[in-house]
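I opened my notebook to write down what I looked up in one structure. The entries follow the order in which I checked things.

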Amino acid sequence: MHTTRKTCGTLLAALDVHPRVAMRILRHSQIKLTMDLYTQVHDDTTVAALKKLGGSITGGGDGP
């Protein structure tokens, strides 16, 4: 059961679901539990987020 919940949390993060929504889907009472134990973010997702942040700061095309 733990592995399935962790997979669900990780997939929700990959789909850019807001952490509070993921917390409710996983039926956790505290966001820390959802984010620390049930969510894994892959390196390529982190790199993409940093590029998006950089684009929004510099006015490049990768921003929102």
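**Entry 1, the model.** I noted that this is a predicted model, in which local features need pLDDT of at least 70 and side-chain atom pairs count only at pLDDT 80 or more, while totals for chains, interfaces and linings use all residues. Residues are numbered from 1 along each chain as its sequence is written, and side-chain values use heavy atoms, with hydrogens and water left out.

I looked for empty space first. Rolling a probe the size of a water molecule over the atoms shows where such space is left. On a 1 Å grid over the protein atoms alone, a pocket is an open set of points where a 1.4 Å probe fits, with protein on both sides within 12 Å along at least five of seven lines; lining residues have an atom within 4 Å of a point. Points are joined across faces, edges and corners, and the volume is the space filled by probe spheres set on them. The largest pocket holds about 310 Å³ of space. It is lined by 16 residues, and Ala13, Ala14, Asp16, Val41 and Thr45 are the closest to its centre. Two or more lining residues come from each of α1 (2–14), α2 (19–25) and α4 (43–58). Helices here are DSSP runs (H or I, at least four residues), numbered from the N terminus. I sorted the lining by class and got ten nonpolar, four polar and two charged residues. In this sorting Ala, Val, Leu, Ile, Met, Phe, Trp, Tyr, Cys and Pro count as nonpolar, Asp, Glu, Lys and Arg as charged, and the others, Gly among them, as polar.

I found threonine 34 in helix α3 (residues 31–37). Is threonine 34 buried or exposed? Threonine 34 counts as buried because its relative accessibility is 0%; buried means under 20% relative accessible area, exposed over 50%, and partly exposed in between (1.4 Å probe, protein chains only). Leaving out residues up to four places away in sequence, threonine 34 touches Ala22, Met23, Leu26, His28 and Thr39, where contact means heavy atoms within 4.5 Å.

Beyond its neighbours within four places in sequence, threonine 10 is in contact with Tyr38, Thr39, Gln40 and His42.

I searched the whole structure and found one salt bridge, meaning a side-chain nitrogen of Lys or Arg within 4 Å of a carboxyl oxygen of Asp or Glu. The side chains of aspartate 36 and lysine 32 meet in a salt bridge, at 2.5 Å from N to O. Both residues lie in helix α3, four residues apart, about one turn of the helix. Aspartate 36 is partly exposed at 48%, and lysine 32 is exposed at 55%.

Aspartate 16 is not a glycine, yet has a positive phi of about 60 degrees. Aspartate 16 sits in the loop between α1 and α2. Arginine 27 has a positive phi near 60 degrees and sits in the loop between α2 and α3.
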